[in-house]
Amino acid sequence: MQLHTVVNMFGADLQRRYGEKIHKITLHGGFSCPNRDGTLGRGGCTFCNVASFADENAQYDSIEEQLSQQSGKITRAKRYLAYFQAYTSTYAEVELLREMYESALTQADVVGLCVGTRPDCVPEAVLDLLQSYQQQGYEVWLELGLQTAHDKTLKRINRGHDFACYQATTRAARERGLKVSCHLISGLPGETAADNLITLERVLDTGVEGIKLHPLHIVDGSTMAKAWRAGRLPVISLEEYVATAGEMIRHTPPDVIYHRICASARRPTLLAPDWCSNRWLGMNGLWQYLLANGGQGSAL
């Protein structure tokens, strides 16, 4: 499967630019989230349980320890991106963020940062800090969780911000020359494939360097899990996801980098859909779909 021939994938892009494989190491900074600690709300987004994709025990290790432990298990790469993924990785005082980010950047063989966060948690001081690392020659990506451009859905899934907030943060970041990657979910309650394409169009019109796309997972511990157990929440099938994600990729300009086109969740945390326990099912399905219908940008 040669996905990079039909999609502009992040791994292949890094390989071209650095001349070698660059591996993302996921780090847990022990951050919280304003949608969990009572600042905006409690319980978080209705789809969220961080344990489905991140090791919660990792937060008790230092950044240096996490990098050392994970890099020691990697055999296919010798240089790394430090990826602050869990919760809201800009949700702290700037000096604490500086200390944490630089704990990663000062480690040998780390070429840059990927910082996952919410669009309502990126003040100008944080943007300036990230810009300073980029100006030093580091690879820096600001990964903004949006999920959908439809305000009605954002309210339904308890995001706590609207699309205008995402637009403002994205524009402020890009004005500083920072690269923005937007997280999107296909299969959210009440949304159709056409709604997903509208979201993509609005994200592209705002301006973006990267996209992360994955199907909705129903995970234990989330608010959605209750609705699913009660039979009130249908889940996206593999065929539906492949067709929807495939068309989104085909409607994306070739220069936009896809950091992810599918994802899996860990069992036993994953409840549904079953096929999301193996991300290769979705990736292989998309590979076949794009081969048959045309690759990234072919529908523009």
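**Ground rules.** I am working from a predicted model, where local features need pLDDT of at least 70, side-chain atom pairs count only at pLDDT 80 or more, and totals for chains, interfaces and linings use all residues. Residues are numbered from 1 along each chain as its sequence is written, and side-chain values use heavy atoms, with hydrogens and water left out.

**Cores.** I began with the nonpolar cores, meaning sets of buried Ala, Val, Leu, Ile, Met, Phe, Trp, Tyr and Cys residues joined through side-chain atoms within 4.5 Å. For burial I use under 20% relative accessible area as buried, over 50% as exposed and anything in between as partly exposed (1.4 Å probe, protein chains only). The largest core holds 66 residues, and Phe-84, Tyr-101, Leu-113, Leu-130, Tyr-166, Tyr-258 and Ile-261 have the most contacts inside it. Apart from it I find another core of 12 residues, including Ile-185, Met-224, Leu-271 and Ala-272. I then listed contacts (heavy atoms within 4.5 Å) for Ile-261, skipping neighbours within four places in sequence: Leu-3, Val-7, Met-9, Leu-213, Tyr-241, Ile-249, Met-283 and Leu-286.

**Helix α6.** Helices (H or I, at least four residues) and strands (E, at least two) are DSSP runs, numbered from the N terminus. α6 covers residues 163-175, and its 13 residues reach 18 Å from first C-alpha to last, close to the 18 Å expected; that expected span is 1.5 Å times one less than the number of residues. Its buried residues are Phe-163, Cys-165, Tyr-166, Gln-167, Thr-169, Thr-170, Ala-172 and Ala-173. Among the elements covering them I noted α4 (124-135), β4 (139-147), α5 (151-156), β5 (179-186) and α7 (193-206). At the N-terminal end Asp-162 is the cap, with a side-chain oxygen 3.4 Å from the backbone nitrogen of Ala-164. Just after the helix, Gly-177 has a positive phi of about 85°.

I also looked up Phe-163, which counts as buried at 8% relative accessibility. Beyond its neighbours within four places in sequence, Phe-163 is in contact with Leu-146, Ala-149, Asp-151, Leu-154, Arg-202, Val-203 and Thr-206.

**Cysteines.** With a disulfide taken as a pair of cysteine sulfur atoms within 2.5 Å, I count zero disulfides. For Cys-165 the nearest cysteine sulfur is that of Cys-121, 8.3 Å away. Cys-276 is buried at 0% relative accessibility, but its sulfur is 6.1 Å from the closest cysteine sulfur, in Cys-262, so that is too far for a bond.

**Aromatic rings.** Rings of Phe, Tyr and Trp (its six-membered ring) pair if their centres lie within 6.5 Å; planes under 30 degrees apart are stacked, over 60 edge-to-face, the rest tilted. I get five aromatic pairs. Phe-84 and Tyr-101 pair edge-to-face, at 5.3 Å centre to centre and 65° between the planes. This pair links distant parts of the chain, 17 residues apart: Phe-84 in strand β2 (residues 79-84) and Tyr-101 in helix α3 (residues 94-105). Phe-84 is buried at 0% relative accessibility, and Tyr-101 is buried with a relative accessible area of 0%. Tyr-241 and Trp-275 make a tilted pair, 5.8 Å centre to centre with 35° between the planes. Tyr-241 is in helix α9 (residues 238-250) and Trp-275 in the loop between β9 (270-272) and α10 (279-293), so the pair ties together parts 34 residues apart in sequence. Last, I noted that Phe-84, Tyr-101 and Tyr-133 form one aromatic cluster.

Definitions and conventions: Polar contact = N/O pair within 3.5 Å; in protein donor to acceptor, adjacent residues only side chain to side chain.
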